[in-house]
There are 2 protein chains.
Amino acid sequence: MDARAYVEAHASGFFADLKEWLAIPSISADPERRDDVRKSAGWLAARLRATGFPVTEIWETGDPPGSGQPAVFAEWPAADPGAPAVLVYGHHDVQPVDPLDEWRSPPFAPAEEGGRLLGRGASDDKGQVLFHALGVSASLAASGRAAPPVTLKMLIEGEEESGSPHFAGLLHRERARLGCDVIVVSDTTMWSEQVPSMCTGMRGLLDAQIDVTGPDRDLHSGSFGGAVPNPLHALAALLAGLHDAAGRVTLPRFYDAVLPLSAAERDLLARLPFSEKAWLAEAGDSRAAAGEQGFTTLERIWARPTAEINGMWGGHTGAGAKTIIPREAHAKLSFRLVAGQEPADVAAALEEYVARHTPPGIEAGVTFGGPGVRASHSPIGSPAVRAGRRAMERAFGREILFTREGGSGPEADLAEILGAPLVFLAVGLDSDRIHAPNEKVEMGLLLKGAEAAAYLWEELASAGLISGAGPRP
Amino acid sequence: MDARAYVEAHASGFFADLKEWLAIPSISADPERRDDVRKSAGWLAARLRATGFPVTEIWETGDPPGSGQPAVFAEWPAADPGAPAVLVYGHHDVQPVDPLDEWRSPPFAPAEEGGRLLGRGASDDKGQVLFHALGVSASLAASGRAAPPVTLKMLIEGEEESGSPHFAGLLHRERARLGCDVIVVSDTTMWSEQVPSMCTGMRGLLDAQIDVTGPDRDLHSGSFGGAVPNPLHALAALLAGLHDAAGRVTLPRFYDAVLPLSAAERDLLARLPFSEKAWLAEAGDSRAAAGEQGFTTLERIWARPTAEINGMWGGHTGAGAKTIIPREAHAKLSFRLVAGQEPADVAAALEEYVARHTPPGIEAGVTFGGPGVRASHSPIGSPAVRAGRRAMERAFGREILFTREGGSGPEADLAEILGAPLVFLAVGLDSDRIHAPNEKVEMGLLLKGAEAAAYLWEELASAGLISGAGPRP
């Protein structure tokens with residue numbers, strides 16, 4: 001029986017299982033649901049054990065262990081000890097469900113509706129985690145073997161929807177057991193049902209705050225106005241100067257290390273049936289696209305670095321007027337980074353920019369929300385991505401295009417701490433309403449995902465990946 | 001007996017009276033002190049009646065009358081019906097007294113301390129109101145006449161320290177009875193005890209708020225960042241663009257109607273023994289002077305118009321990072337105006353500036369805190385100011401220099417609604433700690449003020465002012 005036939009034959013059992021899992025309200029952000037998150041982890045471990053994984057474990061997280069919420073680890077060694085090791089990443093926790101009254105059916109009572117399965121977590125991410133269980137069974141059925149052609153590991157965390165606060169710690173702690181040659185991430189989206197695609201990167205992130213101080217107290221603008229520097233003016237000038245007339249970020253060396261888009265990738269992006277008008281409508285009807293000159297909107301949000309002011313405040317912000325020169329002013333900024341950029345270099349460049357453009361009589365300091373996150377990037381020509389694309393093309397029977405994501409996730413930690421390349425294999429859609437009421441998943445796409453996963457292990461086994469399931473030094 | 005001898009002979013009685021008045025805690029901002037404000041008005045009316053004013057009245061304020069706090073009106077017609085009419089402005093309410101534990105003696109138990117009188121209101125403004133009573137008595141004693149050489153009116157309000165909310169209404173209501181040829185304001189300061197001076201103007205004021213909106217909700221900066229306009233960027237650019245590299249305000253036509261400083265006035269200002277270092281120390285040690293190129297610090301704060309940002313806010317201002325493009329951003333601004341500038345013209349120029357510099361995809365609106373206040377200005381060459389200067393020079397026996405004030409007060413309303421020029425005759429000092437604990441007044445200066453007031457009525461009677469005690473049309 002080939003993989004496709006196996007998947008189709010086992011579809012109804014797969015969805016029955018998924019519905020059972022979706023009924024567990026594993027909302028990691030809700031302290032009242034800690035038991036449910038644990039129950040969800042236990043459910044998944046049992047299900048993977050039933051699938052045949054010889055190793056299934058609940059991994060405690062946090063310091064002390066157990067203060068965080070549990071992850072699930074499973075491992076199924078390849079028969080060939082020289083086969084590559086693959087780690088599948090996903091998460092079993094889900095988003096909160098408010099506003100509850102906008103759901104057409106209760107979020108934890110999954111319901112079928114015209115080929116779609118409604119329920120919190122159907123797409124993000126339980127459906128996409130579980131298709132791997134069906135996929136590996138299909139792969140074994142098709143090959144007639146007792147073990148997968150690669151050493152298959154799964155790490156399914158329980159805090160992704162809460163910002164993965166203990167995930168990097170877990171990766172460091174379990175680095176040896178998580179060692180792998182490639183990481184498969186199943187937590188993103190495709191362009192559309194008609195245009196199947198793979199994500200090839202997510203932007204990195206650096207959070208910063210600029211604090212500007214002037215006089216040692218608020219001054220009366222009648223007595224001092226026009227004759228001493230005003231921290232709000234200084235901050236406005238610092239922020240306004242962050243971009244030049246071409247929409248480029250003015251920080252020193254900001255673009256020096258940016259990996260340019262290849263002509264091949266720009267070509268592939270341009271083939272996506274993108275409607276700028278529809279995209280702008282999502283941001284409010286009257287918006288105009290704007291940004292770095294020389295790039296399309298998709299290139300701007302996926303493949304170009306940015307500087308955005310996320311908040312600013314200072315002086316009198318209440319009702320009425322208060323004629324002061326305030327003693328201080330503040331702004332929060334975030335930089336989206338792309339492949340090649342080091343967060344630490346951008347941080348240093350911001351400090352240099354602020355120091356250089358702070359007027360006399362004003363002091364300005366920069367603090368950072370953390371060390372920042374590097375962009376994650378899967379070059380489209382790499383053996384792992386090419387293997388993933390072949391698996392997807394076999395499942396979908398058509399050409400697979402490439403997308404990226406503009407945001408940032410724990411994927412960068414995975415790639416960095418484990419020292420392995422990423423392959424994004426996922427079948428979610430932007431229309432799945434993840435994080436919103438009435439989350440759904442296309443049931444047919446989940447089956448395609450299972451089929452692609454079944455092919456993926458063969459494709460990766462023969463892709464010429466470096467073997468050896470140990471972490472990089 | 002000449003005026004000086006009279007003042008000196010009656011000094012102890014004057015200070016005994018002043019202490020009695022200062023003991024009444026007429027804090028207009030404190031609702032618990034409404035009765036005391038009324039008691040203070042009654043005290044003053046009785047004192048002026050005893051001085052000889054044939055008309056003394058308590059004027060209710062507010063709508064309905066009595067909802068505000070009472071002013072005192074007094075009138076003493078000149079013997080000559082063709083003599084000019086003079087209106088003295090001051091206030092009998094006082095500032096709050098917190099922090100109480102910093103006072104060396106109780107604020108409403110006035111105490112003498114080495115030639116100074118300590119107590120709330122000693123300088124601001126009871127002492128400076130009451131010297132007019134002594135002054136008019138001295139003037140009559142010196143001339144041997146029964147009535148002053150000008151028709152003398154006094155309007156002493158009871159809400160100045162609360163922002164004079166009902167003062168313009170009162171002026172409109174009583175415009176006929178307040179008609180005058182010159183207004184004498186005794187509520188400002190001199191340069192110093194050694195450098196007696198007269199104020200010749202206060203800046204005007206226009207309050208504005210800029211509201212910028214972009215997307216119809218906060219957007220995720222990962223999904224949209226770098227490809228749609230950000231309201232915070234737009235606001236920062238609007239604010240940063242308000243000044244050019246020379247520190248000049250960039251609003252269209254902003255300086256077109258500005259009355260330039262005359263060479264004579266610049267000369268007189270330059271003769272003031274101003275220490276920029278000491279002045280900067282008031283604003284915090286590390287400050288640098290900054291502002292419009294080509295002007296001194298005193299010229300900048302007294303005689304040049306400004307644009308100051310008083311507050312701004314938008315987006316995420318709490319703890320931590322929130323990677324959004326916010327839907328809106330706001331700033332509060334104030335413009336200090338000088339003679340010649342119309343608040344309405346500046347308001348129109350700001351609207352034009354904002355409209356012209358708002359990028360596509362962003363909407364920006366401007367609102368104003370009110371119609372604004374014109375600058376008040378007493379040209380140093382005018383007959384009224386020259387008469388005031390002669391009176392001050394006779395009292396102090398030395399040259400009188402000129403200052404201005406950078407802030408704004410109800411004086412502009414007086415001049416505008418009553419249609420008469422202002423003369424600032426006052427003997428307060430910047431070191432009087434008005435609005436702070438341990439307010440004091442130099443007792444010797446109050447006597448000089450009384451003497452100058454005594455001379456002032458003669459000087460104004462012979463200054464060639466237009467006669468006729470009716471309001472301008």
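## Domains of chain A

In this predicted model, the C-alpha centres of domain 1 of chain A and domain 2 of chain A lie 39 Å apart. The domain assignment (bounds taken from an automatic or database assignment) gives 3-202 + 375-461 as domain 1 and 204-263 + 300-368 as domain 2 of chain A. Their contact (two residues with C-beta atoms, placed from the backbone, within 7 Å) takes eight residues from domain 1 of chain A and 10 residues from domain 2 of chain A. On the side of domain 1 of chain A that touches domain 2 of chain A there are two nonpolar, four polar and two charged residues, where Ala, Val, Leu, Ile, Met, Phe, Trp, Tyr, Cys and Pro count as nonpolar, Asp, Glu, Lys and Arg as charged, and the others, Gly among them, as polar.

Residues are numbered from 1 along each chain as its sequence is written, and chains are lettered from A and ligands numbered from 1 in the order in which they are written. Local features need pLDDT of at least 70 and side-chain atom pairs count only at pLDDT 80 or more, whereas totals for chains, interfaces and linings use all residues.

## Interface between the chains

Across the interface, 64 residues of chain B are in contact with 64 residues of chain A. Among the elements of chain B that each supply at least two residues of this side are α7 (231-240), α10 (297-303) and β14 (328-337) (helices being DSSP runs of H or I with at least four residues, strands runs of E with at least two, numbered from the N terminus). The largest share, nine residues, comes from β12(B), and by class the side of chain B that touches chain A has 25 nonpolar, 28 polar and 11 charged residues.

Strand β12 (residues 306-315) of chain A pairs with β12(B) in the antiparallel sense over five bridges (pairing requires at least two DSSP bridges between the strands), and A:Gly311 has B:Gly315 as its bridge partner.

An open sheet of three strands in chain B has the order β16-β9-β17 with mixed pairing, and its edge strands, each pairing on one side only, are β16 (376-377) and β17 (401-405). Strand β9 (residues 197-202) of chain B pairs with β17(B) in the parallel sense over four bridges, with B:Cys199 opposite B:Thr403.

Helix α2 (residues 11-22) and helix α4 (residues 126-143) of chain B pack at an angle of about 140 degrees, with their axes 10 Å apart (axes are lines fitted to C-alpha atoms, for helices over the stretch in contact, and angles run from 0 to 180 degrees between N-to-C directions). That angle makes α2(B) oblique to α4(B), since angles under 35 degrees count as roughly parallel, over 145 as roughly antiparallel, 65 to 115 as roughly perpendicular and the rest as oblique.
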